Amino acid sequence: MARYDMSGIGINLREVPDDNGDVKLKVLGLVLDGPAHSAGVRQGDEVLAVNGLDVKGKSAFEVSSMMQGPNETFVTIKVKHGNCGPIQSIEVQRQLVARTPVSYRLEQIENGTRSVGYTRVKEFNALARKDLVTAMKRLQDMGASYFILDLRDNRGGLVQAGIEIAKLFLNEGETVIYTDGKDPEYQQSIVADTAPLVTAPVIVLVNNNTASASEIVASALHDNCRGVLVGERTFGKGLIQSVFELRDGSGVVVTVGKYVTPKHKDINGNGIEPDYRNFPAWSDVTQHLSRCNMLQRG
């Protein structure tokens, strides 16, 4: 599963049975302007060979693995365009095709007297933390005194990326998330280990498609009184799963634990309830966080 990364050339294959009962490998999806798309591969093309090796009888996983290799090296794929189009051998340079999941902008409120830094994170991939840090620093330099972190429709991604993003908002020593499982390996607390990048009030936008790593971020900011949640109850996906490879190359996915919020609430199947359904006034946000911090301190 770790290797099944769209082949490293921005292509996604699908096994399609034909009228004779044989299976053809067709291009199901392409990363727009990715390596394969730029080289001339098109959606619906049939893949016939990779580096001169016939792919007949091979699975989409096997052929995707054949396409993989070190970054900036080349792979030659033979494709048939369409159902009866020409056959062409295309040389494609392998490239990392991850796109930034972060967008941001500065907005003026209170008749232009205050600025809000809006950031949206579409998913947690390898670029998420780095690009969010860049966005937050730029917004701070532009004068942002409040922040909005939009996690709506973010279904997760790399859990570790979510954890590292949550740490950007927390004080050193504050809990990001707890993990709970039968094996002691999965019974631990994950805490912030540096000072926060941002100390200004934060609104976290969530909906029922906010899931997994997004819920870790949302609950960390909420339970540590660093942000308020606005929108809908989140999805409720908080399981820890491990993949065990078997001798024949297949694998088994086993649930080994679950994520629990800093206030010891089980995320899985429950989700996280927002503080507000509709967008609140920033004065209400400030008061809410102040009360939360007073209750935390007892």
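Which two residues form a disulfide, and how far apart are their sulfur atoms? Cys225 and Cys292 form the disulfide, with their sulfur atoms 1.9 Å apart, where a disulfide is a pair of cysteine sulfur atoms within 2.5 Å.

This is a predicted model, in which local features need pLDDT of at least 70 and side-chain atom pairs count only at pLDDT 80 or more, while totals for chains, interfaces and linings use all residues. Residues are numbered from 1 along each chain as its sequence is written, and side-chain values use heavy atoms, with hydrogens and water left out.

A search of the whole structure finds 1 disulfide. The pair links distant parts of the chain, 67 residues apart, since Cys225 lies in the loop between α5 and β13 (227-231) and Cys292 in helix α6 (residues 282-297); helices (H or I, at least four residues) and strands (E, at least two) are DSSP runs, numbered from the N terminus. The link is left-handed, with -65 degrees about the S-S bond.

| Residue | Relative accessible area and class |
|---|---|
| Cys225 | 3%, buried |
| Cys292 | 13%, buried |
| Cys84 | 74%, exposed |

Cys225, whose phi is positive, near 60 degrees, follows α5. In helix α5 (residues 213-223), 11 of the 11 residues are buried, so the helix is largely enclosed by the rest of the structure; among them are Ile216, Val217 and Leu221.

Definitions and conventions. Buried < 20%, exposed > 50% of the residue type's maximum accessible area, 1.4 Å probe, protein only.
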